[in-house]
Amino acid sequence: MTPSSTSACARIGIAGAGLLGRLLAWQLGRLGHQVTVVDPAPGPAPLFDGQGAAGFTAAGMLSPLAELDAAEPDVAGRGWHSIARWSAISALLADGATATGQDEAPAFTQRGSLMVAHGSDLGAARRVLARVAQPMPGQPAGCSPQALDRPALNALEPSLHGSAGALHAWLLPGEAQIDTVRTLARLQAQAPGVQWRWGETVEDLSPGRWQTRGAEAFDLVIDARGVGARPTWPVRGVRGEVIWLHAPGLGLQRPLRLLHPRHRVYIVPRADDTVLIGASEIESEDRSPVSLRSAVELMAAAHSVLPALAEARILRMDRNLRPALPDHRPRVHHEPGLLRLNGLYRHGWLLAPSVVDEALALMGWPPLPCAATMPTSTPASSPASA
Ligand SMILES: Cc1cc2nc3c(=O)[nH]c(=O)nc-3n(C[C@H](O)[C@H](O)[C@H](O)COP(=O)(O)OP(=O)(O)OC[C@H]3O[C@@H](n4cnc5c(N)ncnc54)[C@H](O)[C@@H]3O)c2cc1C
C-alpha cells in the first residue's frame with residue numbers, strides 16, 4: 001500500500017534519528033501515523049563523540065541573511081519559512097516540557113543577530129555585506145541589515161563594550177537561534193506514539209522495505225540518514241568543530257558573527273551561561289577530536305571581539321560531519337513507498353522545516369505548525385552600507 005492524504009494511519013519507517021528524522025517523527029506521530037525510527041546511536045541523548053547526529057553538534061544559528069555569504073538565495077527563502085515554523089514548534093515543545101515536568105529553558109529566541117568586523121577587515125566585510133543586503137524572496141519586511149553606531153551597539157550588547165575601538169557592527173533583524181540539544185531531546189520525548197529503536201542500523205532500504213536485523217515492510221520508508229545515506233546518494237561529510245564555554249556574566253543576548261577574511265567564526269549564547277564558538281569547515285570526513293589549530297583559531301577570533309571571554313571555562317570541544325550533496329543544496333526525492341531527504345550541509349537547522357514541509361506536501365499531508373515572524377528589535381541605526 002502507498003500512503004496518501006486519504007491514509008488515516010500509515011506504517012512509516014524512518015532511518016535516522018538526527019535532525020530530519022526527529023522532526024519528521026514528531027510531525028507524523030502528531031498526524032496519527034504509526035512511526036518507527038531506527039538509529040545506530042545507543043540512546044536518544046548525545047555523546048558528543050563525533051559519531052552521532054550532526055544536529056546535536058550544530059550551534060543552531062538560524063541566519064537566512066548571514067548564510068548568503070556561503071549559499072544561494074533560495075536558502076534564504078527556505079530559511080525565513082523555517083524560522084516561522086521553529087517559532088511555533090518550539091512554543092509547542094516548551095508547553096510539552098512544562099506539562100511533563102521537563103527542563104523548561106527556552107530553546108528558540110528571535111532577537112536578530114550581529115555581524116561584526118574589525119576595522120582592518122572592513123574591505124572583506126563590505127563584500128559580504130553587499131551580498132547580504134540584497135532583498136531576497138520571502139524576506140519579511142524590516143529584516144534588512146542595519147549598520148549600528150557605537151552607542152546603538154553598546155545599547156544592544158554591552159558585553160562588546162571592551163572590544164577593540166574600531167569594531168564595525170550590523171544588526172540582522174529577524175534572524176534567530178535555536179538550542180539544538182534541547183530541541184532534539186524534546187522532539188524525541190514528545191513525538192506521540194513513536195517507537196524508537198536505538199543501537200540498530202538500517203543496512204539497506206528500498207520502497208516500502210528496509211533491512212536491519214531482518215527485513216521489514218512499511219507503507220512508507222523515509223531515508224533521513226545524513227552522511228549514512230551513502231552510497232545510494234552522493235553525499236559527503238564536511239567536518240565542523242565547535243567549542244563549548246561556560247561564561248557566567250557575559251550577558252551576550254544574540255548570536256554574533258565575525259566577518260574575517262580567513263575564518264567564519266560565530267559566538268552563540270545559550271541557557272545556563274553557556275556560549276558556543278563555531279565553526280571550522282574542513283573538507284574531510286575525519287571524526288577525530290578537535291585539532292589544536294582549530295581550537296586556537298576559533299577561540300582567538302572570539303576573544304578578539306569579546307575580551308570578557310578570557311576567563312570563560314572550556315566545557316567541551318565537539319565535532320561532526322555536515323551532510324553535503326555536490327551542489328550544496330538540500331534535496332527531497334519521492335517515489336511510491338520511499339522518501340529521501342538529504343544535503344542540509346551547513347544550514348540544516350535553517351532548512352529542516354522547509355525541507356520537511358516539501359516532503360509532507362509531496363505526500364499530501366499537512367505542513368508543520370507556523371507562526372508569524374517579526375523582527376524584534378529596531379535600534380537607532382543607519383542603512384547597511386556603513
Ligand atoms: C559543527 C557544525 C555546526 C553547525 N551549525 C549549524 C548552525 O548553526 N545552523 C544550521 O542551520 N545548521 C548547522 N549545522 C548543520 C546541521 O547540523 C546539519 O545540516 C543537520 O544536522 C543535518 O541533519 P540530518 O538529519 O540530515 O543529519 P544528522 O543530524 O547527522 O542525522 C543523521 C542521523 O542518521 C543516523 N544514521 C546514519 N546512518 C544510519 C543508518 N545506516 N541507519 C540508521 N540511522 C543512521 C545518524 O546516527 C544520525 O542520527 C552544523 C553542523 C556542524 C557539524
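I'll start with helix 1 (residues 19-30) and helix 6 (residues 180-189), which pack with their axes 8 Å apart and at an angle of about 40 degrees. That angle makes helix 1 oblique to helix 6; angles under 35 degrees count as roughly parallel, over 145 as roughly antiparallel, 65 to 115 as roughly perpendicular, and the rest as oblique. The axes are lines fitted to C-alpha atoms, for helices over the stretch in contact, and angles run from 0 to 180 degrees between N-to-C directions. Helices here are DSSP runs of H or I with at least four residues, strands are runs of E with at least two, and both are numbered from the N terminus.

Before going on, the provenance. This is a predicted model, where local features need pLDDT of at least 70 and side-chain atom pairs count only at pLDDT 80 or more, while totals for chains, interfaces and linings use all residues. Residues are numbered from 1 along each chain as its sequence is written, and side-chain values use heavy atoms, with hydrogens and water left out.

Back to the first pair. The crossing of helix 1 and helix 6 is left-handed, meaning that the near helix is turned anticlockwise from the far one by less than a right angle; clockwise would be right-handed. On the helix 1 side, L19, R22, L23 and W26 meet L184, A185, L187 and Q188 of helix 6, with contact meaning heavy atoms within 4.5 Å. By class, that contact has six nonpolar, one polar and one charged residues. Nonpolar covers Ala, Val, Leu, Ile, Met, Phe, Trp, Tyr, Cys and Pro; charged covers Asp, Glu, Lys and Arg; the others, Gly among them, are polar.

Next, helix 3 (residues 73-99). Its axis and that of helix 1 come within 13 Å and cross at roughly 70 degrees. That makes helix 1 roughly perpendicular to helix 3, and this crossing is left-handed. L19, L23, W26 and R30 of helix 1 make the contact with W86, I89, L92 and L93 of helix 3. Its classes are seven nonpolar, no polar and one charged.

What about helix 3 and helix 6? Their axes come within 10 Å and cross at roughly 65 degrees, which makes helix 3 roughly perpendicular to helix 6. Helix 3 passes helix 6 in a left-handed crossing. Helix 3 contributes W86, I89, L93, A94 and A97, and helix 6 contributes T183, R186 and L187. These divide into six nonpolar, one polar and one charged.

Now the second largest pocket, with a volume of about 220 Å³. On a 1 Å grid over the protein atoms alone, a pocket is an open set of points where a 1.4 Å probe fits, with protein on both sides within 12 Å along at least five of seven lines; lining residues have an atom within 4 Å of a point. Points are joined across faces, edges and corners, and the volume is the space filled by probe spheres set on them. The lining has 14 residues, with T109, Q177, P269, R270 and A271 nearest the centre. Strand 4 (108-109), strand 8 (176-178) and strand 16 (264-270) each supply at least two lining residues. By class, the lining has seven nonpolar, four polar and three charged residues.

Last, the backbone. Most residues other than glycine have a negative phi, and most peptide bonds are trans. R230 and P231 are joined by a cis peptide bond with omega of about 10 degrees; P231 is in the loop between strand 13 (220-223) and strand 14 (236-246). G278 and A279 are also joined by a cis peptide bond, with omega of about -20 degrees. F48 is not a glycine, yet has a positive phi of about 55 degrees.
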